[in-house]
Amino acid sequence: MKVQGKAHLDAQYGMLTSIATEAGVSLSTVSKVVHRRRDVSSSTRDRVEELLARHGYVRPWDRDPATPRQMVAVFRDLSGPYTLEVVRGIVDAAGLIGMEVVTGTTSMRPISHWLRECVNVGALGLIVVISMLTEEDQRHIVEQKLPVVLVDPLSTPSLDIPCIGVTNWSGAREAVQYLLELGHTRVGMIAGRSHSPAGSARLHGYRAALEEAGIAYDPSIVRATDFDFAEGLAAALHVLRTADRPTALFAASDAQAMGVLEAARQCGLSVPGDLAVMSFDDSLVAAMACPPLSAVRQPFEELGHEATRVLVQLAEGRPPASLRIELATQLVLRTSTAPPSGL
């Protein structure tokens, strides 16, 4: 792959980011104009087109043939709401620079296979989302200087491999603080696995909020599971059937939160009357839940764009300014949270 092609790709991506800022629109809107989609107002389209021409932007199908046309994104699975949101963010970001995204999972083929596949097809590089990397995989990535970016890995990665996530600790802390401010003093959690950096950070954020409020941590109302509906359901049933059940539950993911809602239904508890439910993710299913979930919103589109931007930098042989990037979360309030009954 020619260095000129990589440099061209990086310059194009930076140009589109600048155009989006100057036009006062999102990168996804710029992408729609670039690909001549119709779901953009004529005034916005004209403004973006004028900026594209002024900056000398070259559309993907007119660019240097030496530029790579594929990148690979692999996931543990493609079944959960979080995964689908991140896929969308990566595909949209790649579309801005005319890249095709080859997606795969590590459930059938290990990461070592995808590393070889990247080299074999001459892909720009590899984005690995919510997956476990072996020490051998990490050593291979570092020694071969392969363009690899991790998004929310399931184990703590080598310090030499770029990793992108969100403010898991502070987002969880803010969510639990809100439940405490509503008047809940018995707040449980359906947490992620302790080996997951994101899951661990969210649990620590939960505990920090309790400690700051002077409330003792009670392990009997905290259960750790995968970010999974069925496991979240089983864990929530266990917690809700304790003698002194919580009046609020904080779930570490939307999939687990959906399990909490089902557990509440099976236990004959109304949400939020008998049980307030708070989630983490705010994927599309959060707003469609019954009732709609209050949640810590992850910036999925920005995650995809940032992972793509860093991958482009790595492919050009330039390390990013920071190898550990955290994007800000936002608390979104809906009707699944309310003060405890009696207040």
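Visitor: Is R186 buried or exposed?
Guide: First, this is a predicted model, where local features need pLDDT of at least 70, side-chain atom pairs count only at pLDDT 80 or more, and totals for chains, interfaces and linings use all residues. Residues are numbered from 1 along each chain as its sequence is written, and side-chain values use heavy atoms, leaving out hydrogens and water. Now, buried means under 20% relative accessible area, exposed over 50%, and partly exposed in between (1.4 Å probe, protein chains only). R186, at 19% relative accessibility, counts as buried.

Visitor: Which residue does R186 meet in a salt bridge?
Guide: A salt bridge is a side-chain nitrogen of Lys or Arg within 4 Å of a carboxyl oxygen of Asp or Glu. Here the side chain of R186 meets that of D244 (3.4 Å, N to O). This pair links distant parts of the chain, 58 residues apart. D244 is partly exposed, at 49% relative accessibility.

Visitor: How many salt bridges does the structure hold?
Guide: There are 13. Among them, D282 pairs with R297, with the closest N and O atoms 2.6 Å apart. D282 is buried at 8% relative accessibility, while R297 is partly exposed at 33%. Another joins E85 and R88, at 2.7 Å, N to O. E85 is buried, with a relative accessible area of 6%, and R88 is partly exposed at 44%.

Visitor: Which residues are linked in a network of salt bridges?
Guide: E22, E50 and R54 are linked in such a network.

Terms used
Helix = DSSP H or I, 4+ residues; strand = E, 2+ residues; numbered from the N terminus.
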